[in-house]
Amino acid sequence: MNGRSRGNAGNATKSDRSGPRRGRLMMLQWIILLGSLCPMVDGQMKIPPETVQQWAVSFGKDIAALSARYSGAKLLQKKYKDIEGTVKMEEVDGQELVKKFAEEMEEMLGRKMKSVKRLAEAAEDADLYHEFNETLEFDYYNSMLINSYDEDGNSVPLGGEFPLEENEHFNKLPVNTQQNPDILNGVYMSEALNDVFIDNFNKDPTLTWQYFGSSTGFFRLYPGIKWTSDENGVVTFDCRNRNCGGIYYSEAIYYTVSHFKLLVEELHVKGEGKVKYAMKESFKILNEAAALGQGSLCNQAIMLITDGAMEDFQEVFEEFNWPERRVRVFTYLIGREVTFAENVKWIACNNKGYYTHISTLADVQENVMEYLHVLSRPMVINHDHDIIWTEAYMDSVAQSLLLMTSVAMPVFSKKKETLSHGILLGVVGTDVALRELMRLAPRYKLGVHGYAYLITNNGYILSHPDLRPLYKEGKKLKPKPNYNSVDLSEVEWEDTEEKLRTAMVKGETGTLSLDVRTSVDKGTRVMFLKNDYFHTVINETPFSLGIVLTRGYGQYIFIGNVSVEEGLHDLLAPDLIIASEWTYCETDIDPAHRKLSQLQAVVRYLTGKEPDLECDVLLLQQTLFDAVVTAPMEAYWTALMLNTSGIEDGVETVFLGTRSGLLRFQRYTGIEKRVAKSFLTSTDKENMFTLDHFPVWYRRAAEYPAGQFLYYMPRQDTRGIGETFTELISRYSIALSLSLCVSAAIGVQMTLELLESRFWAITQQCSDVEGICPLRCDRFDIDCYVIDNNGFVLVSKQRNDAGRFFGEIDGSVMTTLIRMGMFKRVSLFDYQGMCKMNSHSVSSARPLLSPFYGLASALKWFLSNFLLFLLEFNICGFWHTEHFAEASSHKKKGDILQPCDTEYPSFVYEPSVKETNSIIKCGRCQKMFVVQQIPDSNLLMLVVQADCDCSRQYGPLTMEPEEVKYILI
């Protein structure tokens, strides 16, 4: 292969040999970028490629021996080889698997729907037999004081006066519910639900929150909780606990979203609105949604807010809405003037809508809700109780930031005197934790890169391992403004024709294959996979389920067989744990089992102490098999620690994992000396088996040739200008295959200091018979690096270079390597990014508003916020602090993050190019570099001439994402 730099010609050599001139041991591939070829001095090259090759071979042998010794990988390879003939290999049928998962999810969600139906029936019956009492009195209990004690240690009484205070959070409005008989009667009537709450929970212990949200403004929740203030000491709602149901209510709720509010405030009136055009576009959007089966397919409505209509737009309605009148039109006439009232009223009445005249601020809240009764009236008369499933939302009640979905049902008044009015009493519902739902698609059946995902019939994601609903603002994690409207096409973006999305939105059953680029290690490294997608609908819901099986990893599963006695003995080894987020045995059904860990539950089941536990027999069988096969590793690792030669300083942890979620590890270094203190702890999700993914070292090893070590440095999240690494760690990991699938991965974690000491010792060696070394890395005019196959530096003279992308350090050499074909730039896309808004001066001052604009603003606020509520339909979240913002608080626009799409690069080494060297011309000097692959590893050795500065000619190559700008045509 010939490559050419900007200056003189260089050369790159492709080789079919197993390694350089000397024999090579099995190792991790490392990428080492070396400096460009320099001018000859006294007839000799300044950087002899032969010397660099000698270093690379020696360093490769050294780290291979180090890896093999402390990991015991060869012993584990032998164990799997010995049992290969005894295991049963089965091909995974993806279509049957996704159907089975969908049926189990349908059954689980069906139980939730039955619970909600019982609540709706109980609420309607309670209202039917309740007689309104104008003078009803109520005893209040302040749940904020639960488990509170006074200075003497006595429990604080929960009863007493109902305090009301003005608060900035509510725009200084006091809340007075004691004098509202509608709320008091509703609270009293809905107490009948408490028994149903408890009965539902006894029938289905997997239920989470159950609730009744009243149209009068209170919220009854089971189980009741202690209400706490937020970080500012503000109690957003009054939470009163009586019997088993928590009651929340507030008469003035300023529900607002900061990002939406910012955009609304920038709207300005410019001339006359084109109402006819807007009306036509509205009908087109609704018709298109109906044709595509998007949305709930129930009611469709248009709201027209105006200070008068000079025409009735009859031709628009004749074209788009008559005679079916499928779309209702609700009109709101604002202001005291009623010059054009007849037209506005005619529009509503001739399109099955409702006309409302808003003349004062008091009318806003009093009359704007009338459309709800209009929409619900046919359902009441026909006794229709449509079940609604929501988009994903955050569980703000528990403040856990877990994604949930809710199933809800309307509650109507069945009293004869109000039946024709269609009175909506409220909504009952229950939450479903999406993580619990996804447990029904166990990871071990999908393989190392496989996964399951859920979407709605609008194409929005409910659950997906690549969904990132949170972003960091300072040190705090917050939900992204659009976290529950991320489309499947924004995550599975390789599906450029949206064939997968279209089929799933339509509820079809099918399969699709895609070549995909995916990233690991916090988005810095790319993998190329061939994925098979299988999908089907979950009956009785608007959801579709998909699973992904990756070619070579998810197509097959092996099943071993050992006795329970033998497996249980090895399962109880002190170095062994199993995936805590996986479901080996169901511990949520019986309250007596809820405190058991998964390992404890497995042991109690296998020993016969808890025979009634529901366990995954296939997963237990595989776990026992893996425990037996990997058991010799404990003895091997222990023997190393007891050996008189001891463990080298810097070797910290050895670890292995299997497809069954089994994890063994041995700490060679005590906690007081260990650098990577969090590695393989409960907080280290990236390196553990979780509900969403296999450990990153397992996934990366699976992409490397079986039996060869992969070497990398963990990506640091907190690195910044002037900061030093708190964890300078390198990791080896190796995948072990069993016939057609990856059976296990094993690795060693060592400090970077140990790796550096081995490298610098080798680069000081010299084979010259006269003892004169032609090259040494400690020379001032030479820089030496070890980099991995994605271009990240592991070893450098400058310790701060460790973990950085080499292109940021030397753009000239990296650019040349890309041009020569030794590295390839790969574009990746992130459609869930957060970018700073474009900075420009935005005045926070408002012009003087006329009374008309005051009413318009109030109505705009009320409708926009209520529409947001309807769109998200998050009843619990509606009542909690994450959705509230003080009216007076404003951020500078340039400081606010908003959702955006970004493109970012990743770089991949081309392994067919074993070595190369070149000279880069940079003004008055020339920079030489030599690159040599380190045998049987994912590493490269790179030696660069350091006394030629090319920064003016070549800027740094960064991996920073760039926002994608779109041009509307």
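Q: What share of the 969 residues in the protein chain is buried?

A: Buried residues account for 53% of the 969 residues in the protein chain. The model is a predicted one. In secondary structure, the chain has 24 helices and 38 strands. Its exposed surface comes to about 44,800 Å², with carbon and sulfur atoms supplying 50% of that area.

Q: Among contacts between residues at least 6 apart in sequence, how many join residues at least 24 apart?

A: Of those contacts, 73% join residues at least 24 apart. G426 gives a case: G217 lies 209 residues away in sequence, with a C-alpha to C-alpha distance of 9.1 Å.

Q: Is G426 buried or exposed, and why?

A: Buried means under 20% relative accessible area. G426 counts as buried because its relative accessibility is 4%. The residue sits in strand β14, residues 424-433. Leaving aside neighbours within four places in sequence, G426 is in contact with F212, G213, S214 and S215, and also with M409, P410 and V411.

Q: In what order do the five strands of the open sheet with β16 and β19 run?

A: The order is β16-β15-β21-β20-β19, and the pairing is antiparallel. β16 (461-463) and β19 (510-520) are the edge strands, each pairing on one side only. From one strand to the next, the twist averages 35°.

Q: Over how many bridges do β19 and β20 pair?

A: β19 pairs with β20 (residues 525-537) over 11 bridges, in the antiparallel sense.

Q: What length does α3 reach, and what is expected at 1.5 Å a residue?

A: α3 has 35 residues and reaches 51 Å from its first C-alpha to its last, close to the 51 Å expected.

Q: Which residue caps the N-terminal end of α3?

A: The cap is D93, with a side-chain oxygen 3.2 Å from the backbone nitrogen of Q95.

Q: D532 is in strand β20. Is D532 buried or exposed, and why?

A: D532 counts as buried because its relative accessibility is 9%. Its side chain is joined to that of R551 by a polar contact of 2.6 Å. Not counting residues up to four places away in sequence, D532 touches L512, S513, I547, V548, L549 and R551.

Q: What span should the 14 residues of helix α17 have, and why?

A: At 1.5 Å a residue, α17 (residues 617-630) should span 20 Å, and its end C-alpha atoms are 20 Å apart, so the two agree. At the start of α17, a side-chain oxygen of D616 comes to within 3.3 Å of the backbone nitrogen of L618.

Q: How many of the residues of α17 are buried?

A: In general, an α-helix has 3.6 residues a turn, so residues three or four places apart point the same way. In α17, 11 of the 14 residues are buried, and the helix is mostly covered. The buried residues are L619, L620, Q622, T623, L624, F625, D626, A627, V628, V629 and T630.

Q: Why is strand β37 described as largely enclosed by the rest of the structure?

A: Seven of the seven residues of β37 (residues 939-945) are buried, so the strand is largely enclosed. Both of its faces are covered: L939, M941, V943 and Q945 are buried on one side, and L940, L942 and V944 on the other.

Q: Which strands pair with β37?

A: Among them, β31 (residues 782-788) pairs with β37 in the antiparallel sense over five bridges. In that pairing, the bridge partner of Y785 is L942. β36 (residues 925-933) is also joined to β37 by five bridges and runs antiparallel to it, with F929 opposite V944.

Q: In the hairpin of β36 and β37, which residue takes a positive phi?

A: D936 does, with phi near 50°; the hairpin has five residues between the strands.

Q: In what order do the three strands of the open sheet with β33 run?

A: The order is β33-β34-β38, with antiparallel pairing. The edge strands, each pairing on one side only, are β33 (823-836) and β38 (962-963). β34 (residues 897-909) and β38 pair over two bridges, and T902 stands opposite E963 in β38.

Conventions
Residues numbered from 1 in each chain as written. Predicted model: local features only at pLDDT ≥ 70, side-chain atom pairs only at ≥ 80, totals over all residues. Heavy atoms only, no water. Helix = DSSP H or I, 4+ residues; strand = E, 2+ residues; numbered from the N terminus. Buried < 20%, exposed > 50% of the residue type's maximum accessible area, 1.4 Å probe, protein only. Contact = heavy atoms within 4.5 Å. Areas by Shrake-Rupley, 256 points an atom, 1.4 Å probe, with all protein chains shown as cover. Pairing = 2+ DSSP bridges. Axes fitted to C-alpha atoms, helices over the stretch in contact; angles between N-to-C directions. Expected span 1.5 Å × (residues − 1). Polar contact = N/O pair within 3.5 Å; in protein donor to acceptor, adjacent residues only side chain to side chain.
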